[in-house]
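Please look through the sequence and the structure shown here before reading on.

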Amino acid sequence: MPARAGTSSPIRVLTIVGARPQFIKACMVSRAMIEYNRQGGSPPVVEDIIHTGQHYDENMSDIFFKQMQIPEPSVNLHAGTGMHGEMTGRMLAQIECEVLKRKPDWVLVYGDTNSTLAGALAAAKLQVPVIHVEAGLRSFNKQMPEEINRILTDHISTLLFCPTHAAVTNLAAENIVQGVHHVGDVMYDAALMFGRIAEDSSTILTTHQLSPKQYLLATVHRPENTDDPVRLRSIMDALGNLARTYPMVFPAHPRTRKKLDDLSVAISGLKIIEPVSFLDMVQLEKNALCVLTDSGGVQKEAYFHGVPCVTLRDETEWVETVCAGWNQVVGADTGRIGDAVARAACGGSIPEYGVGRSSNEIVDLICRISRQPNQNN
């Protein structure tokens, strides 16, 4: 259990990551833990990181730890293949062993992936309190595996750190009010830090002969698009049409590339490249004329960098970006995608995502609550 008032035992946190967005978030929170310790925080925080292996491509996994200076994972479970149930079950069994071995005070999970749910379930079954960063998001579409993951994780978490006021409201509607904190978005922390670093270190624009604000950036990876031949063809037709007018760069997720090959989808005019490193992706996002994506994280990153976004889904968890005019949700319809790019424009500001210190606030709250006799507040 978490350290109690009057004790000096370290606060032991076991962090579970496995996918690109989680590496980014973990980087910021891990840095905040290190800063807390350097400033003499008492008791100190000791973090172990478990990598489930959900993303196993070099450019989508290992390189994140190198570029972002995240402490190396204590172990990689290599559990990233198979169907959703098979993958989650394999992760659950292995994470359970790690929890028993390491005896953490908290298990910390991020977002809405299979790694998130497996980590939360393993901890809850062993009666170790769960911290969920990016809690309370809802698409209200239970056909999405991510929606199931985030709902179940929220309902078994002790501390729920919400990036938006809407997320807090969503939790209250499900009678989750204990342990809920609106802290802003750690991804905004990352956007501020790594946006500056990418400008100085990334050569991706030169490598691919791209001029700032003269190209479109597209990413497609969600099963609702890649596993539906009609939707995937419709999206690729739209991207091909747009590529006649604008240079179009498309870092292809390994699963997406396989689906395109399996379906023999005709691709015309797109600059399809391998998955890129995090800093290169930041540079591509910052300098794009418009971003087209089905990624929740990329939607937000586009907003953070002041770039209009067209979302290739039927709904989004980031409703604030839509309300403010930065984001258009168009699904997979070829015509709607093209029309949205034609009218894409920058919107207003969304101050509730924080001021760039959400990670520090999360660590401060974990430490303060760990020192309390009753940590479920």
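Predicted model: local features only at pLDDT ≥ 70, side-chain atom pairs only at ≥ 80, totals over all residues.

## A covered strand and its partner

Strand β1, which spans residues 11-17, is mostly covered, since six of its seven residues are buried. This strand pairs with strand β2, made of residues 45-51, and the two run in the parallel sense over seven bridges. Within this pairing, Val 13 has Glu 47 of β2 as its bridge partner.

## Helices α1 and α16

Helix α1 (residues 20-38) and helix α16 (residues 358-370) have axes that come within 8 Å and cross at roughly 60°. The two helices are therefore oblique to each other, and their crossing is right-handed.

On the α1 side the contact is made by Met 28, Val 29, Ala 32, Met 33, Glu 35 and Tyr 36, while α16 contributes Ser 359, Asn 360, Val 363, Asp 364 and Cys 367. Sorted by class, the residues of this contact are seven nonpolar, two polar and two charged.

## Helices α10 and α15

The axes of helix α10 (residues 229-242) and helix α15 (residues 334-343) come within 8 Å and cross at roughly 40°, which makes α10 oblique to α15. The crossing of α10 with α15 is right-handed.

From α10, the residues that make the contact are Ser 234, Ile 235, Asp 237, Ala 238, Asn 241 and Leu 242, and they meet Thr 334, Ile 337, Gly 338 and Val 341 of α15. In the contact of α10 with α15, five residues are nonpolar, four are polar and one is charged.

Notes:
Residues numbered from 1 in each chain as written. Heavy atoms only, no water. Axes fitted to C-alpha atoms, helices over the stretch in contact; angles between N-to-C directions. Helix = DSSP H or I, 4+ residues; strand = E, 2+ residues; numbered from the N terminus. Parallel < 35°, antiparallel > 145°, perpendicular 65-115°, else oblique. Left-handed = near helix turned anticlockwise from the far one by under 90°. Contact = heavy atoms within 4.5 Å. Nonpolar A, V, L, I, M, F, W, Y, C, P; charged D, E, K, R; others polar. Buried < 20%, exposed > 50% of the residue type's maximum accessible area, 1.4 Å probe, protein only. Pairing = 2+ DSSP bridges.
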